[in-house]
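This report is meant for a reader who is meeting the structure for the first time.

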Amino acid sequence: KEYGYHTSAFGKWYNTPATETTMTGPKNHWPNAYGFEYFYGFLGGETSQWEPRLTENYNHIEPPEDPNYHLTNDLVDKALKWVDDEQAFDKDKPFFMYWAPGGVHAPHHVFKEYKDKYKGKFDDGWDAYRERVFKRQLEMGIIPKGTKLTPRDSTMQAWADIPEDQRAFQRRLMEVFAGFVEHTDTQVGRLIDGLESRGLKENTLI
């Protein structure tokens, strides 16, 4: 802000001590006190994606009562509205936006169609999945030839050691996480597309 930027922060903050997040404060560790002119998000490390504990600037607010609501979508909408307001006021002034969604931190809340899209993709467990991804990354040149797959961490159980009656649950956890990653990635894309449609993408570092 001191260098002439409009400033905003959206999403996960997690820099305020838990004992200072109530409306009584003190609020000197809230985003606005750190130089952000506008804040919309949550002060803690995690929150519900369906019914988040939201803060706007120095006030706690309730999420909208909308059956189709999701926090990550909301953060994109609010961020693009802020860009529009900022541009309308002074389009020649640069902006700095800190945008940090709750995804894919717990709780893993995502729409059913995203979760179900990955049904069966992890049925052979995480060890086989690691090997599959490693092989694909080698073939695509993402990692250099000759790279060796690291051993599974000693604190992580082998898939073979997971009892059969627990595997369906573990598979579903992976499916939900994958769906949440895709949903989050889609919303990031929507934010970037929004900058592009406003003619700002090529003049913005992301």
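## Helix 4

Helix 4 is built from 34 residues, and the distance from its first C-alpha to its last is 50 Å, close to the 50 Å expected at 1.5 Å a residue. The model described here is a predicted one. After helix 4 comes Gly199, which has a positive phi near 75 degrees.

Val188 is one of the residues in helix 4, which covers residues 164-197. With a relative accessibility of 29%, Val188 counts as partly exposed. Although 97 residues along the chain lie between the positions of Val188 and Lys91, the separation of their C-alpha atoms is 23 Å.

## The chain as a whole

The secondary structure of the protein chain consists of four helices and five strands, and from the N terminus on these elements follow the order β-β-β-β-α-β-α-α-α. Along its principal axes, the C-alpha trace spans about 55 × 40 × 35 Å.

Of the 206 residues in the protein chain, 39% are buried. Among contacts with a separation of 6 or more, 66% are between residues 24 or more positions apart. The chain exposes about 12700 Å², and carbon and sulfur atoms supply 54% of that area.

In soluble globular proteins, nonpolar side chains tend to be buried together. In this model the largest nonpolar core has 19 residues, and those with the most contacts inside it are Phe10, Tyr40, Trp82, Val83, Phe95, Met97 and Trp99. Two or more residues of this core come from each of strand 2 (38-42), helix 1 (71-90), strand 5 and helix 4, with helix 1 giving the largest share, seven residues.

Which residues does Trp82 touch, not counting those up to four places away in sequence? They are His6, Thr7, Ser8, Phe10, Tyr38, Phe95, Phe96 and Met97. A second, separate core of seven residues is also present, and Tyr118, Phe122, Trp126 and Ile162 are among its members.

## Helix 3

The 16 residues of helix 3 (residues 125-140) should span 22 Å at 1.5 Å a residue, and the 23 Å between its end C-alpha atoms agrees with this. The buried residues of helix 3 are Gly125, Trp126, Asp127, Val133 and Phe134, and these buried residues pack against helix 4. Following helix 3 is Gly141, where phi is positive and near 80 degrees.

Phe96 belongs to strand 5, which covers residues 95-100, and Phe96 is partly exposed, with a relative accessible area of 43%.

## Salt bridges

Side chains of opposite charge can pair when their charged atoms come close. The structure holds 14 salt bridges. In one of them the side chains of Arg198 and Asp84 meet, with a distance of 2.6 Å from N to O. This pair links distant parts of the chain, as Arg198 lies in the segment after helix 4 and Asp84 lies in helix 1, 114 residues apart. Arg198 is partly exposed, with a relative accessible area of 31%, and Asp84 is likewise partly exposed, at 34%.

Glu164 and Arg167 meet through their side chains at 3.5 Å, N to O, and both lie in helix 4, three residues apart, about one turn of the helix.

Glu175 forms a salt bridge with Arg172, in which the closest N and O atoms are 2.9 Å apart. Because Glu175 and Arg172 are three residues apart in helix 4, about one helical turn separates them. Glu175 counts as buried, at 3% relative accessibility, while Arg172 is partly exposed, with a relative accessible area of 25%. Through salt bridges that share partners, Lys112, Asp116, Arg172 and Glu175 are joined into one network.

Technical notes. Residues numbered from 1 in each chain as written. Predicted model: local features only at pLDDT ≥ 70, side-chain atom pairs only at ≥ 80, totals over all residues. Heavy atoms only, no water. Buried < 20%, exposed > 50% of the residue type's maximum accessible area, 1.4 Å probe, protein only. Expected span 1.5 Å × (residues − 1). Contact = heavy atoms within 4.5 Å. Core = buried A, V, L, I, M, F, W, Y, C linked by side-chain atoms within 4.5 Å. Salt bridge = Lys/Arg side-chain N within 4 Å of Asp/Glu carboxyl O. Areas by Shrake-Rupley, 256 points an atom, 1.4 Å probe, with all protein chains shown as cover.
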